[in-house]
Amino acid sequence: MADISDSAARAARDLRVVFSRLRRRIREVARDADLSPSQESALTLTGKHGAATASALAAAEGVRPQSMATTLAALEKHGLVRRAPDPDDGRRQLVTLTDTGRARVEGNRQVREEWLARAFQDRYTEEERQTVLAALELLERLSRA
């Protein structure tokens with residue numbers, strides 16, 4: 001890292017730490033006592049992907065297909081996901097959210113957004129919020145390919 005400035009290295013390190021803490025805190029806000037963190041994550045992922053196979057969800061989550069199958073079985077037991085034959089390949093099953101699962105994912109998303117908006121409202125001045133918005137515009141460049 002000889003050609004990386006101290007400020008770039010510090011920004012990278014500090015952003016990673018702050019981002020990890022904030023992500024953890026946001027997840028805690030809407031944590032459901034009856035679901036494990038891996039179940040919550042799989043439920044959210046299923047909502048993002050729409051109809052998907054268990055193996056595709058496992059790959060997206062970075063877990064073994066057997067682990068995802070166990071997680072999906074628990075979510076199915078809670079009535080949050082359903083499995084149906086893939087119309088293109090009857091040997092596979094597609095996993096989708098039930099209406100209850102969709103409502104739960106959307107409710108969790110809303111709770112998290114409201115918590116974050118309230119935190120910005122209560123903990124920061126208008127000038128500080130504008131500074132955060134400006135910094136987010138700069139950080140957006142990191143998310144582009």
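## Salt bridges and overall form of a predicted protein model

Arg109 is partly exposed, with a relative accessible area of 34%. The model in which this value was computed is a predicted one. The partner of Arg109 in a salt bridge is Glu106, and the closest N and O atoms of the pair are 2.7 Å apart. Glu106 is likewise partly exposed, at a relative accessible area of 40%. Both residues belong to helix H5, where three residues, or about one turn of the helix, separate them.

### Overall form

Six helices and two strands make up the secondary structure of the protein. Along the sequence these elements follow the pattern α-α-α-α-β-β-α-α. The protein is more spread out than a compact globule, because its radius of gyration is 19 Å, well over the 15 Å that the globule rule gives for 145 residues. Taken along the principal axes, the box filled by the C-alpha atoms is roughly 55 × 40 × 25 Å.

Of the 145 residues, 23% are buried. The accessible surface of the protein is about 10,500 Å², and carbon and sulfur atoms account for 53% of that surface. As for contacts between residues at least 6 apart in sequence, 48% of them join residues at least 24 apart.

### Charges and salt bridges

Side chains of opposite charge can pair when their charged atoms come close. In the whole structure, twelve salt bridges are found.

| Pair | Closest N and O atoms | Relative accessible area |
|---|---|---|
| Asp99 and Arg102 | 3.0 Å | Asp99 59%, Arg102 43% |
| Arg109 and Glu106 | 2.7 Å | Arg109 34%, Glu106 40% |
| Glu126 and Arg129 | 2.8 Å | Glu126 44%, Arg129 18% |

Helix H5 covers residues 99-123. Within this helix, Asp99 and Arg102 are separated by about one helical turn, because they stand three residues apart. Their side chains form a salt bridge in which the closest N and O atoms are 3.0 Å apart. Asp99 is exposed, its relative accessible area being 59%, whereas Arg102 counts as partly exposed at 43%.

Helix H6 covers residues 126-143 and contains both Glu126 and Arg129, three residues apart, about one turn of the helix. These two residues form a salt bridge with the closest N and O atoms 2.8 Å apart. Glu126 is partly exposed at 44% relative accessibility. Arg129, with a relative accessible area of 18%, is buried, since the cut-off for that class is under 20%.

Salt bridges also occur as a network. Asp86, Asp89, Arg91 and Arg92 are linked in this way.

### Separations in sequence and in space

A further residue of helix H5 is Val111, which counts as partly exposed at 37% relative accessibility. Leaving aside residues up to four places away in sequence, Val111 touches Val29 and Ala30. Between Val111 and Ala51 there are 60 residues of sequence separation, and their C-alpha atoms are 25 Å apart in space.

Ser41 belongs to helix H2, which covers residues 37-49. At 24% relative accessibility, Ser41 is partly exposed. Ser41 and Gly101 are 60 residues apart along the chain, and 12 Å separates their C-alpha atoms.

Helix H4 covers residues 65-77 and includes Ala69. With a relative accessible area of 32%, Ala69 is partly exposed. Along the chain, Ala69 and Tyr124 are 55 residues apart, and the distance between their C-alpha atoms is 43 Å.

Technical notes. Residues are numbered from 1 along each chain as its sequence is written. This is a predicted model: local features need pLDDT of at least 70, side-chain atom pairs count only at pLDDT 80 or more; totals for chains, interfaces and linings use all residues. Side-chain values use heavy atoms; hydrogens and water are left out. Helices (H or I, at least four residues) and strands (E, at least two) are DSSP runs, numbered from the N terminus. The radius of gyration is taken over C-alpha atoms; the globule rule is 2.2 Å times the number of residues to the power 0.38. Buried means under 20% relative accessible area, exposed over 50%, partly exposed in between (1.4 Å probe, protein chains only). Contact means heavy atoms within 4.5 Å. Accessible areas come from the Shrake-Rupley method with a 1.4 Å probe; for residues, only the protein chains shown count as cover. A salt bridge is a side-chain nitrogen of Lys or Arg within 4 Å of a carboxyl oxygen of Asp or Glu.
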